[in-house]
Amino acid sequence: MTAPTSAPQTPATADTGAYLRVNDLRVHFPTEDGVVKAVEGVSFSVERGKTLGIVGESGSGKSVTSLTIMGLHNTKRARISGEILVGGRNVVGMSEEQTRRLRGRDMSMIFQDPLSALHPYFKVGAQIAEAFQVHHPKASKAEARKRAVDMLGRVGIPQPARRADQYPHEFSGGMRQRAMIAMALVNDPDLLIADEPTTALDVTVQAQILDLLEDLQSEFNSAIIMITHDLGVVAQVADDVLVMYGGRQVEFGSVEQVMRRPQHPYTWGLLASVPSLHGDAEADLVPIKGNPPSLINLPTGCAFHPRCRYAGRNGDRSFTEVPELHQVQERGHLVACHLSEADRKKFYAEDIAPSAGVAQ
Amino acid sequence: MVRFITRRVLVGVATIIAISIIVFGLFFAVPSSPAKVMCGKNCDPAQIAAVETRLGIREPITTQYTKFMKGIFVGRTYAKGTDFEQRCDAPCLGYSFRNNEPVTAILSRTVPVTISIVAGAAVVWLLIGISLGMISALRRGTLFDKVAIGISLTGASMQVYFFGLILLYVLVYLTHLLPFPSYTPITQNPAQWALGLVLPWLTLGFLNSAIYARLSRAQMLETLSEDYVRTARAKGLPLRRVYTKHALRAAITPIVTIAGLDIGASLGGTFITETIFGFRGLGKETVDAVNFLNLPIVVATVLLAAVFIIVANLIVDVLYAVIDPRVRLS
């Protein structure tokens, strides 16, 4: 792999350290109503064999981030700045042909709804074989098909040779997502982005799919980005967690740190809205009041302040100053909040911890 | 698949029978007597009765209908046992009231004309329309898109008798690029057949292509926003392959339906095109027959048009099942 020429100041990531490194990523979409700032200054990295969970509501910028990494945005309509280093190569500013060669081979993606993400008119096996053949042009049709059947078997689809000749509508929801995973992994990618892979599935199937992803990760040793709004999913599979709100990252840390010692009031809100099996069955869930902000007119200061019950505890900084991401006492745990760490600890212990779901 | 087709064929046959009954019923709903029309103004009742016997319209309507249907499949004999006895071999559709020419002879003369016009025009409108629409969709917002959509809007709002005459004036009278449109059977001289038909093909083809351009543009835009198109790109397929294989296949499906119905309906007659270019096709024959109350021809052409539409529908259904595997199940 040749070193990237466009990012001399970045430490080499080719063999050591993170496989994916995102630095100060900004994605803006100019529209007639104004500029949609879908992603504002997001930075993170993922190593091979590790899973990063990106959490946030719809419109928080998590899906836009993943599509930008894959180079799936129309570069004419999206203004993208910052750096996305995939195995040391900067994807931002790359030509369509260059990113195309990376897509599906070095990085691949699993989508939310496997029924609409698979082509209804082509056989499942053929769709997987096509993904293999496009990056292995020398492979014969028979080889590609054999590879597709192998992959279907590896993701736990019984009778893979027979199933390969069926169409997506003949598969159940869970089977379809398995086929989707088989397609994403057919070229042994180093980076796998899973965009809400279990949201469209039955709860019982969700756990199976997550288990499968974990098993496959230890087998393929790929880096995984798990995009979700479900903290239960994050708790189960992620090593690190990135919480996004209004296109910005508001909290980052290991799953242990974010789940057990969350620092941002938005993360508290997410945790409080997850039902707990151990809590009081009669207690109501606490939703985050209000709606996600408009990405065209973000609230001034901290974008979360209109929905934050602690806004204004620290002068009027919440309303005027965008909080920077800074480290808390614990190493590696970052938060973008104006509250003092002592206040945050106090509020969390008093208001949130007694009722929050996942953390217990 | 076989069951699917069998079912559709049976439904089609049932529909044709129903239409034949309705058309035959209309035959009698007309207030004037065909015998009077045939016989002319100075006819006495005896002459009219004679004509009625010869036409076989003195019998009850059900008998007449059975005889008519029987005539189509095994032939029939008119006015059996009288002086006017006339054998009509299968497929017998009766005789023209005007000149006693067998209707089948009229059809075999006029149907090829209409088929020739429609076949060529359909090629023009599908080729121009679909490619224009698809390219517009892929280049949405560009100058090409705007020009193409502008042209197609102009085309969709024009009429055959206006655009056809402009083409006639420019291509035939002004520049002499083309001979005056005329019909030569393809079996006689294929080159002359094509040359004589270029003008109606262009006229009908261009005007219809406008609708297809808009339709395929809309379809393609919708398909391009589908998740599976994004999946195809995420796999690393080249854009061209994504468009031509994954997007086109899905976008073309509804176009097949409409094209089938359009072609089927056009085969029933393209009266205006035939008239302005002086072709004696099915459309012109039908309109003339209606004007002269030439009922055997009206019944035959209406039935034939229905058959064309039903067959086109059947072909569309089968094509649909070939394109979309989900249809085969239901």
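How many of the six residues of strand β9 (residues 240-245) of chain A are buried? Before the answer, a word on the model. It is predicted, so local features need pLDDT of at least 70 and side-chain atom pairs count only at pLDDT 80 or more, while totals for chains, interfaces and linings use all residues. Residues are numbered from 1 along each chain as its sequence is written, with chains lettered from A and ligands numbered from 1 in written order.

**View 1. Strand β9(A) is largely enclosed by the rest of the structure.** Six of its six residues are buried (20 or more other C-beta atoms, placed from the backbone, within 10 Å of their own). A:Asp240, A:Leu242 and A:Met244 cover one side, and A:Val241, A:Val243 and A:Tyr245 the other. Strands here are DSSP runs of E, at least two residues, and helices runs of H or I, at least four, numbered from the N terminus.

**View 2. β9(A) pairs with β3(A) and with β10(A).** Pairing takes at least two DSSP bridges. Four bridges join β9(A) to the parallel β3 (residues 51-55), and six join it to the antiparallel β10 (residues 248-254). A:Val241 stands opposite A:Gly53 and also opposite A:Gly253.

**View 3. Chain B touches chain A.** Here 19 residues of chain B are in contact with 24 of chain A, contact meaning C-beta atoms, placed from the backbone, within 7 Å. The largest share of chain B's side, six residues, comes from α9(B).

Technical notes: Contact = placed C-beta atoms within 7 Å. Buried ≥ 20, exposed ≤ 12 C-beta atoms within 10 Å, placed from the backbone.
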